[in-house]
Amino acid sequence: MITRIRFLLQTILLLTIIGSMLPVTAQNRKSGKKQDTIQMVAVDSAAIRKSIAALAKDTVRMKKSDTSVAILINRIESYTLMMNELMSILRRGFDTSSISTGLPLADTSLALIKYNIASLGRTPNINDIYTNKVMLEQLQRRLSSWQNTLVSYYGKLVNINDTIHSLRNDTAMRNIPAEDELYGFYVGQVTNLILKFHAVDSANKHHLIKMGLLQNKVANRYIDVSNLYEDMDYRLQQHSANMFKRDSRYLWRPHRDSINPLEFFPVLKNSLHKSTKVLVIFFSIQWPVFFVWLLLALLFGWWVYNNIRRIRQNHAAQEGETILQHARYLYRFPVASIVVFITTLSSVLSVRYPILFTEMTWGLAVIALTVIFRSHFPKTLFNSWLMLVGLLFVYSLNNLLIEVTYAEQWGLLIGAVLSIILAFRLLKESSLTTFAQPKYTQPLLQLFLATSIFSLLLVLFARVGTAKIMGSSAVVNTVMALSLFTLVKILMEAVYLQVEANKDSSTFISFMDYQDVQKKLKTFLTILATLGWLVIVTRNVYLYDAIYEATTDFLSSRHQIGSSDFTFSSIIIFVLVIWVATIASQLIAYMFGNIGQSANPSKKTKFGSALLLLRLAVLAGGVLLAFAASGIPMDKLTIVIGALGVGIGFGLQNIVNNLVSGIILAFEKPLEVGDVIELGPRSGVVKEIGIRSSKISAYDGSEIIVPNGDFISQQLINWTRANRNKRITFTLGVGYGSNIDQVTDIIKSAFTDRKDILSAPAPFIQLTDFGDNAVNFKVYFWIGDLDNAGRLQNEVMSFIYAALNQAGIEMPYPQRDLHIRSVDDSLLKKWDKPAPDGNV
């Protein structure tokens with residue numbers, strides 16, 4: 001009770017001072033009179049006690065009462081907890097260290113960009129302008145993130161400030177205890193509460209000032225970055241508008257032209273220095289992205305290595321080596337393949353990276369491709385590849401130059417001529433060689449030739465900036481097309497290794513399954529690779545942003561049909577997600593080894609019917625994701641479901657029945673992939689459990705497609721649900737008079753020392769009946785693997801037949817006596833007439 005009263009007294013004094021005294025303080029400030037109340041800056045406890053005594057005498061503002069103690073107790077508890085929580089938040093503070101330490105780097109980046117802009121000459125390199133724009137975009141994104149963080153922190157501080165000052169409005173707290181004992185507690189506890197309130201208020205004001213100053217610094221830099229970004233956009237637009245205007249002197253008029261070029265080597269030195277500094281700053285800002293790329297490379301390498309190791313463990317040495325040889329790139333060149341995987345993906349996805357980083361990515365990619373192509377390409381074709389790599393190096397170095405120089409013009413001329421010669425050489429080789437090449441090789445080389453010729457013409461007409469873009473684009477587009485083609489091969493080989501690592505298959509079947517997987521993957525990966533190549537092409541000619549904005553505007557513009565509106569982007573996203581989900585669902589079984597005949601049929605698949613649930617989840621998730629990603633309201637989905645329900649009532653019963661039966665099969669698991677089953681007249685091995693239907697591989701080589709509803713509605717015989725044991729039964733008969741015990745011993749001896757025949761349950765011989773011409777026995781025995789049933793029954797019966805013959809025991813065949821009751825007289829006379837030679 002005393003504790004609650006103390007809390008009560010604290011809140012009373014706090015609310016009294018804040019709610020009652022502050023208005024008086026304001027009036028005294030206006031009138032210039034000395035204040036007679038406690039101010040929030042007061043920290044002297046004696047002064048606080050005097051103010052409390054003065055307030056207690058003011059019966060207008062304060063009331064002495066003991067009837068509202070319960071209300072005050074509840075209020076004091078909530079306010080005390082609130083004050084403690086606010087103080088805890090303020091003591092922890094707000095983490096702005098990353099912003100404070102990042103501001104110097106932002107200042108350095110801004111200074112470098114301003115220097116680059118100031119040093120841009122009369123013929124600036126578009127790569128330099130674009131690099132500045134990329135850096136400004138990165139800075140703008142980071143400063144915007146900092147602003148959002150600071151606004152969030154500042155909002156929390158404002159809320160704290162509003163909360164602590166809202167206590168003054170609680171008029172219910174203006175009651176004080178009437179008793180002297182309670183009043184003494186009141187004075188002491190309220191004094192402590194005022195000091196606590198003062199600490200919270202001071203800490204909050206300190207954080208508000210600090211946060212405001214930091215917000216001001218970030219805002220100033222954000223304004224500078226935005227202004228510079230708009231300037232770079234303007235310069236790019238100007239360059240696009242003037243890209244076909246003459247920007248240098250003609251090659252054949254070096255001295256009579258009024259435009260004076262710069263020296264080559266100083267320009268090269270300054271360009272490399274500037275690009276290096278840009279790259280260092282870019283790495284400092286975007287280092288998490290590079291960490292993600294490195295982690296992705298390690299994961300991909302671990303996946304490939306683990307699958308190779310499992311293939312070697314699951315197969316004999318020679319067979320495993322034969323299987324692995326189908327993965328020509330990943331198995332023979334794992335490191336180079338991983339480098340191609342990462343660098344090619346980075347080249348496609350790194351749209352907003354500096355030119356030097358992009359060129360370093362190209363360099364790593366061509367080094368890895370050279371290692372791979374060295375053992376796969378013919379000598380002449382490999383030499384052409386080396387020439388293409390040399391041209392890529394020259395154009396990459398040329399892309400870094402800030403200003404156009406006279407030496408650079410000659411370099412572009414020579415590069416264009418060499419590109420044309422190389423294009424003609426590759427076209428000739430591709431038409432004569434027997435080396436397997438992609439079907440798009442000829443169109444790619446023709447584009448390479450046309451772009452190189454265009455670059456040559458631009459150099460001759462002194463359009464050096466545009467000639468540089470076209471010449472570089474011709475070489476880079478060709479190199480990246482080969483890199484993307486190799487990436488598709490590497491990904492398909494990775495899937496192949498995943499398939500083989502999850503099943504025990506023969507070499508021939510493994511290769512056939514890989515071909516089936518290849519058909520399903522090739523279209524999907526080729527489309528993605530083509531889209532990636534188009535991104536690279538548009539980026540190399542600096543049309544990516546314009547095309548992206550135009551495409552985005554077209555796809556995002558709303559169209560209306562009746563009362564419904566839609567965008568083309570929502571339709572494309574919906575179809576694309578459904579398509580990807582369908583492809584993924586179809587490939588899941590291949591990825592985990594659930595397709596194809598196994599060399600060891602007794603071994604069931606690893607995942608069984610769980611894959612069916614996974615495929616259903618992928619499809620269902622794909623549908624929901626398609627609706628969510630396309631922005632189609634979910635209430636439209638209910639309309640579709642309602643329409644589907646009507647369709648079910650009119651004609652989709654069988655389809656829905658099979659779909660539901662597939663789900664029941666996945667949960668109930670009456671059969672698994674690899675089981676030997678009989679379903680009516682059909683029998684075979686379960687090859688695939690699908691969503692609507694399942695596949696059974698019959699023993700005659702045919703493939704039976706069975707609706708899932710048949711497995712639920714008909715009687716299903718599963719020979720391998722628990723084990724692969726099978727009982728074999730056959731009948732034999734011996735002649736009357738045979739020794740029954742001797743026959744039984746001979747039959748039993750047929751099962752001695754046969755490891756494939758089970759001893760428990762033991763073979764059983766039963767004398768069943770006495771036939772017309774034989775004593776019949778029925779023989780029962782069990783085998784451990786039903787796949788050996790035919791062979792073992794043949795061996796046992798052959799042994800019994802030979803043993804019975806050796807023992808002289810007859811195995812009679814059916815005999816009948818023929819009694820002729822009447823014969824035609826003409827036939828009898830014919831038989832009685834003597835033959836021409838005198839014989840009867």
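Me: Which residue in strand 12 is the bridge partner of leucine 767?

Reply: This is a predicted model, in which local features need pLDDT of at least 70 and side-chain atom pairs count only at pLDDT 80 or more, while totals for chains, interfaces and linings use all residues. Residues are numbered from 1 along each chain as its sequence is written, and side-chain values use heavy atoms, leaving out hydrogens and water. Strand 11 and strand 12 (residues 775–783) run antiparallel and are joined by 6 bridges, where strands (E, at least two residues) and helices (H or I, at least four) are DSSP runs numbered from the N terminus, and two strands pair if DSSP finds at least two bridges between them. In strand 12, leucine 767 has as its bridge partner phenylalanine 777.

Me: Which helix packs on the sheet and touches strand 10 and strand 12?

Reply: Helix 23 (residues 740–749) lies across strand 10, strand 11 and strand 12, running at about 25° to strand 12; contact here means heavy atoms within 4.5 Å, and angles run from 0 to 180 degrees between the N-to-C directions of axes fitted to C-alpha atoms, for helices over the stretch in contact. A helix at residues 789–806 also packs on the sheet, its direction making about 25° with that of strand 10. The helix that touches strand 10 and strand 12 in this way is helix 24.

Me: Which strands stand at the edges, each with a single partner strand?

Reply: The open sheet is formed by 3 strands in the order 10-12-11, with antiparallel pairing. Two of these strands, at 726–734 and 764–770, have a single partner each, so one side of each is left without a neighbour in the sheet. The twist from one strand to the next averages 25°. The strands at the edges are strand 10 and strand 11.

Me: How many residues of strand 7 are buried?

Reply: Strand 6 (residues 682–689) and strand 7 form a hairpin with 3 residues between them, pairing in the antiparallel sense over 4 bridges. Strand 7 also pairs with strand 8 (residues 703–707), again antiparallel, over 5 bridges, and in this second hairpin 5 residues lie between the strands, with glycine 701 in the turn at a positive phi of about 95°. Buried means under 20% relative accessible area, exposed over 50%, and partly exposed in between, computed with a 1.4 Å probe on protein chains only. Strand 7 (residues 693–697) is largely enclosed by the rest of the structure, because the number of its 5 residues that are buried is 4.

Me: At what angle do helix 7 and helix 8 pack?

Reply: Ile308, Ile311 and Arg312 in helix 7 meet Gly320, Ile323 and Leu324 in helix 8. The residues of this contact divide into 4 nonpolar, 1 polar and 1 charged, with Ala, Val, Leu, Ile, Met, Phe, Trp, Tyr, Cys and Pro counted as nonpolar, Asp, Glu, Lys and Arg as charged, and the others, Gly among them, as polar. Helix 7 (residues 264–314) and helix 8 (residues 317–325) have their axes 8 Å apart and pack at an angle of about 145°.

Me: Which residue forms an edge-to-face aromatic pair with phenylalanine 300?

Reply: The structure holds 9 aromatic pairs, and rings of Phe, Tyr and Trp (its six-membered ring) pair if their centres lie within 6.5 Å, with planes under 30 degrees apart counted as stacked, over 60 as edge-to-face and the rest as tilted. In the pair with phenylalanine 300 the separation is 6.0 Å centre to centre, with 70° between the planes.

Me: Where is alanine 462 found?

Reply: Phi of alanine 462 is near 65°, a positive value in a residue other than glycine. Alanine 462 is buried, with a relative accessible area of 0%. Its place in the chain is the loop between helix 14 (441–460) and helix 15 (464–501).

Me: Which peptide bond is cis, with omega near 0°?

Reply: Proline 761 has its place in the loop between helix 23 and strand 11. The cis bond, with omega near 0°, is the one from alanine 760 to proline 761.
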